[in-house]
Amino acid sequence: VFQLLDMKVFVDTDSDIRLVRRLQRDIMEHGRDVVGVIKQYNKFVKPAFEQYIEPTVQVADIVVPRGGENFVALDLIVQHVHSQLEKVRAALASAHQGQPLPKTLSVLENTPQVRGMHTIIRNKDTTRDEFIFYSKRLMRLLIEHALSFLPLKSVTVETPQGTTYEGKRFHRQRITGVSILRAGETMEQALTAVCKDIRLGKILIQTNHDTGEPELHYLRLPKEISEDYVILMDSTVSTGAAAMMAVRVLLDHDVQEDRIFLLSLLMAEMGVHSVAYAFPRVRIITTAVDKRINEEFHIIPGIGNFGDRYFGTD
């Protein structure tokens, strides 16, 4: 078991303090008498501690004296953990380089039409009206492309001319759209335009500027989502941190991993690899994949801050 631990911390507390805490708890909360508590402590609790707990101090990497009240020691541990996580993050950031893109990724065909729209929305001098117009066109193409991966069954219908036509029809449960606020919300209109009566949910995930970690701030999902095919939408995916948290939220609500489609207009290779490594059965669908991200985790060459450009808040 010890070999599975990255860091072994032994939090020590004086034996008299441990006894006082037990007396206080058992007398006040359990209604026991002092003699009975001390007798049990000496006969069972103290020997068990000395036999099983106390020897583990020998394998601990860090021993914290004075228990949980030693805030200086605890702060040092937290700082050390953060520094180690930063090293791991830096290693992961470059681990994907040179690796082939995952098979769960599908990129919209780079036709002259698609490349022309990318040229417009990537241009820093594009007006807001044009940016919105061509972004919506790309979103519509992306949604249509994503729907082609849903399971279909063969059906035969009769035409007005009295002949038959061999076609396809979606034959499983409902489709639910979930947007990662705020930029992912811009894709909802394209989804509702091609999927009639679709249910929508929203997830707000923001980065903590002190820790650099994503945090869940708001969640609203339709009821009984566990059997649905879920189209998870975000305008851009750079590191993949927010997307992975959103996928985790869906999995916690019993959505099946292979029924989650992550859609984005633009992704960085790092984000693609991160999501695919964490959730190998999630289908990833985008219109383009850029090679790298900068120190501020912006996609390069990228598209800028999509939300600011779309909503006019830049």
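Reader: In which helix is V34 found?

Author: This is a predicted model, and the answer below is read from it. The helix that spans residues 34–53 is α2, and V34 is found in helix α2.

Reader: Is V34 buried, partly exposed or exposed?

Author: The relative accessible area of V34 is 43%. Buried would need a value under 20% and exposed a value over 50%, so a residue in between is called partly exposed. V34 is therefore partly exposed.

Reader: Which residues make the nonpolar surface patch of about 340 Å²?

Author: Helices α1 and α2 each supply at least two residues of this patch, and V34, a residue of α2, is one of its members.

Reader: Where is D14 placed, and what charge has the surface patch in which D14 gathers with D12, D16 and E54?

Author: D14 sits in the loop between β1 (9–11) and α1 (15–28), and with a relative accessible area of 43% D14 is partly exposed. The charge of the patch that D14 forms with D12, D16 and E54 is negative.

Reader: How far apart do the C-alpha centres of domain 1 and domain 2 lie?

Author: The domain assignment of the protein chain gives residues 9–96 as domain 1 and residues 105–311 as domain 2. Between the C-alpha centres of domain 1 and domain 2 the distance is 45 Å.

Conventions: Residues numbered from 1 in each chain as written. Predicted model: local features only at pLDDT ≥ 70, side-chain atom pairs only at ≥ 80, totals over all residues. Heavy atoms only, no water. Patch = residues over 30% accessible without salt bridge, like charges linked within 9 Å, V, L, I, M, F, W, Y side chains within 5 Å. Areas by Shrake-Rupley, 256 points an atom, 1.4 Å probe, with all protein chains shown as cover. Salt bridge = Lys/Arg side-chain N within 4 Å of Asp/Glu carboxyl O. Lys, Arg positive; Asp, Glu negative; His and termini not counted. Charge placed at Lys NZ, Arg CZ, Asp CG, Glu CD. Helix = DSSP H or I, 4+ residues; strand = E, 2+ residues; numbered from the N terminus. Buried < 20%, exposed > 50% of the residue type's maximum accessible area, 1.4 Å probe, protein only. Domains from an automatic or database assignment.
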